Amino acid sequence: MKKMLAPSLLSADFGHLAHDIEQINQSDADWLHIDIMDGVFVPNISFGFPVLKYVKNLTVKPLDVHLMIVNPDKFINECKSVGTMLMNVHYEACTHLHRTIHLIREAGMKAGVTLNPHTPVELLEDIICDVDLVLLMSVNPGFGGQTFIENTFNKIERLRQLIARRESKALIEVDGGVNLTNAPQLYAAGVDVLVAGHAVFRSENIVQTVKAFKS
Ligand code: DX5
Ligand code: ZN
């Protein structure tokens, strides 16, 4: 399985957004990771669909949208209308996760479920065959540039076992504190997609950094 990278736009220079997105267009990045925060589910507000509408017109990469919001069901249509490829909702934000996942898929998008660092992967036992991807948070969501939580390696291993046992096709994505130092170990542990914000957008050369992640 090809190892993928999804740079997180949250760490881009919002004063020069078009420039930073163009750098990603010219790089080997696989997806563009989009962090939407509501100030309720997480203690921060980022940007919303009016901004994403313009981002979509600037990027050539598939959109990996990570919704850190309560009631994500309300925004399935908005996600679809900005051309989202993969819509990630938090396990902790969905009372009726099975319904949410199926509504996302019926809308024609891939469906991902995201787990906060404290949420055990075993809670996915009865939904793992319905999702296209599991996003493991390796920091508490809300901010870029935080320190990677090492227990994530333990969760990756348990998630791999669950996926294998249930014969699920779900991909594994990891988000938070990912950098060029821990990336090889994470890919080797079985991660399919790494998200990286600061490590990519705050580097000297975005294109070269993406290349380094993927080599
Ligand atoms: C955190 C977001 C992440 C964030 C990652 O709540 O979900 O996607 O942008 O940023 P880094 O890679 O800087 O930890
Ligand atoms: Zn994210």
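Strands here are DSSP runs of E with at least two residues, numbered from the N terminus. The model is predicted.

Start with the ligand. Ligand 1 sits in the largest pocket. Its shell counts 20 residues. Those that come nearest are Ser 8, Gly 142, Gly 145, Asp 175 and Gly 197. By class, the shell holds eight nonpolar, ten polar and two charged residues.

Now place the shell on the fold. Three strands each supply at least two of its residues: S2 (32–37), S3 (63–68) and S8 (193–196). Strand S2 gives the most, with three residues.

Next come the polar contacts, which are pairs of N or O atoms within 3.5 Å. At Ser 8, the side chain takes part: one of its N or O atoms is 2.7 Å from an oxygen atom of ligand 1. At Gly 197, the backbone does the work, with a polar atom 2.8 Å from a ligand oxygen. His 198 also uses its backbone, where a polar atom lies 2.9 Å from an oxygen atom of ligand 1. How much of the ligand does the protein bury? Taken alone, ligand 1 exposes 380 Å², and the protein buries 99% of that.

The model has three aromatic pairs, counted with ring centres within 6.5 Å. One of them can be followed in detail. Phe 14 and Phe 47 have ring centres 5.7 Å apart and planes at 45°, so the pair is tilted.

Methods:
Residues are numbered from 1 along each chain as its sequence is written. Chains are lettered from A and ligands numbered from 1 in the order in which they are written. This is a predicted model: local features need pLDDT of at least 70, side-chain atom pairs count only at pLDDT 80 or more; totals for chains, interfaces and linings use all residues. Side-chain values use heavy atoms; hydrogens and water are left out. A residue is near a molecule or strand if one of its heavy atoms lies within 4 Å of it. A polar contact is a pair of N or O atoms within 3.5 Å; within protein, one must be able to donate a hydrogen and the other to accept it, and residues adjacent in sequence count only if both atoms are side-chain atoms. Accessible areas come from the Shrake-Rupley method with a 1.4 Å probe; for residues, only the protein chains shown count as cover. On a 1 Å grid over the protein atoms alone, a cavity is a set of points where a 1.4 Å probe fits but cannot get out, and a pocket is an open set with protein on both sides within 12 Å along at least five of seven lines; lining residues have an atom within 4 Å of a point. A molecule sits in a cavity or pocket if more than half of its atoms lie within 2 Å of its grid points. Helices (H or I, at least four residues) and strands (E, at least two) are DSSP runs, numbered from the N terminus. Ala, Val, Leu, Ile, Met, Phe, Trp, Tyr, Cys and Pro count as nonpolar, Asp, Glu, Lys and Arg as charged, and the others, Gly among them, as polar. Rings of Phe, Tyr and Trp (its six-membered ring) pair if their centres lie within 6.5 Å; planes under 30 degrees apart count as stacked, over 60 as edge-to-face and the rest as tilted.
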